[in-house]
Amino acid sequence: MAAKVFRFKSFSITREKAGMKLSTDAVLLGAWTADLLKDKKFSAILDIGTGTGILALIMAQNFTNAKVDAVDIDDGAIHDASLNFSASPYKDRLTLIKEDISTFGLENSYGNCRNDNRVYELIICNPPYFDFSAELADDSRKNARCNVSLSADALFSSIARLMADDGRACIIIPVEQEKSYLTVAQKCGLIAADRVMVRSKKDKEPYVILLGFVKSGKLPVLGNQDADETDNENHSVSVGEMNSIHECYLHEDDGSRSVFFSRITANLYLFST
């Protein structure tokens, strides 16, 4: 495919061979995670399924003391992420690893990871969440888009194994998969401490959910995040001990970014609208 270049304030993303396109959802997840945890001083961060490397780069930009390990199994993703890391001002803090996350960090697994103990204070992932599709002939696209390459069970068991006891993990998934993902997470000893329902516009139904996890018994007490259109009233839900539940929307009717989305992406996008 012809290379496509996306320019941000502090780095650029080139996509030549990665299966997954650079999406607003990926930028949203990275920006939300950085904003949610902006007061934390992380030293070790893991990006699972890095793709073009966008999430690893956002983490490196925002957590300036952190070394970021980025793992992927796809050759196309490794190619693109390598280009993007090498061209970034954070290249000395970024390590790219080709390996299945289910075996990553286990004995006899890949040994060039910066964090020798294989324990991370923050783990971030934009997981493939579509059901397997035989219509996708390209293996890179299947790996990037279909959950056959990374099931919820494999994702959360890996997070539980690799995350520090007081660590955090942040993901984004479609609304219709919320219950199944939370059920698997709880079986792995993880609880969603933060949950943000995301609408494309104020009058649309939520289409994705941002989830922030901690290990059971480590539920933090956090202040409210300012999302645009909700009263942000905390309430209980049936699927787990949620600490904060919010909603936000990304764009106004005229297509401009909402106050919320503009604020959390202010250090990323070149233009404000």
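Start by selecting Asp35, Lys38 and Arg263: these three are linked in a network of salt bridges. A salt bridge here is a side-chain nitrogen of Lys or Arg within 4 Å of a carboxyl oxygen of Asp or Glu. By this rule the count comes to 7 salt bridges.

Before the next stop, a word on what you're looking at. This is a predicted model, where local features need pLDDT of at least 70 and side-chain atom pairs count only at pLDDT 80 or more, while totals for chains, interfaces and linings use all residues. Residues are numbered from 1 along each chain as its sequence is written, and side-chain values use heavy atoms, with hydrogens and water left out.

**Zoom out**

Show the whole protein chain as a cartoon. You'll find 7 helices and 10 strands. Helices (H or I, at least four residues) and strands (E, at least two) are DSSP runs, numbered from the N terminus. Of the 273 residues of the chain, 53% count as buried. Buried means under 20% relative accessible area, exposed means over 50%, and partly exposed is in between (1.4 Å probe, protein chains only). Contact means heavy atoms within 4.5 Å. Among contacts in the chain with a separation of 6 or more, 66% are between residues 24 or more positions apart.

Select Asp75 and Lys98. Their side chains meet in a salt bridge, 2.3 Å from N to O. Asp75 sits in helix α3 (residues 75-86) and Lys98 in strand β5 (residues 94-98), so this pair ties together parts that are 23 residues apart in sequence. Asp75 is exposed, at a relative accessible area of 51%, and Lys98 is partly exposed at 44%.

Next, pick Lys215 and Asp165. They form a salt bridge too, with their closest N and O atoms 3.4 Å apart. Lys215 belongs to strand β9 (residues 208-215) and Asp165 to strand β7 (residues 163-174), so the pair links distant parts of the chain, 50 residues apart.

Now go to Asp194 and Arg168, where the side chains meet in a salt bridge of 2.5 Å, N to O. Asp194 lies in strand β8 (residues 190-201) and Arg168 in strand β7, so parts that are 26 residues apart in sequence are tied together. Asp194 is buried, with a relative accessible area of 3%, and Arg168 is buried as well, at 4%.

**A helix under cover**

Select residues 54-62. That's helix α2, and it is mostly covered: 8 of its 9 residues are buried. The buried ones are Ile54, Leu55, Ala56, Leu57, Ile58, Met59, Ala60 and Gln61.

Angles under 35 degrees count as roughly parallel, over 145 as roughly antiparallel, 65 to 115 as roughly perpendicular and the rest as oblique.

Which residues make the contact? From α1 come Ala26, Val27, Leu29, Gly30, Ala31, Thr33 and Ala34, and from α2 come Ile54, Leu55, Ile58, Met59 and Asn62. By class they divide into 9 nonpolar, 3 polar and no charged residues. Ala, Val, Leu, Ile, Met, Phe, Trp, Tyr, Cys and Pro count as nonpolar, Asp, Glu, Lys and Arg as charged, and the others, Gly among them, as polar.

Move on to helix α5 (residues 152-162) and helix α6 (residues 178-187). Here the packing angle is about 40°, and the axes are 9 Å apart. That makes α5 oblique to α6. Show side chains, and you'll see Ala152, Asp153, Leu155 and Phe156 in α5 meeting Tyr181, Val184 and Ala185 in α6. This contact has 6 nonpolar, no polar and 1 charged residues.

**Last stop**

Finish on Ser256, in the loop between β10 (244-251) and α7 (259-264). Ser256 counts as buried, at 18% relative accessibility. Leaving aside neighbours within four places in sequence, Ser256 is in contact with Leu250 and His251.

Conventions:
Axes fitted to C-alpha atoms, helices over the stretch in contact; angles between N-to-C directions.
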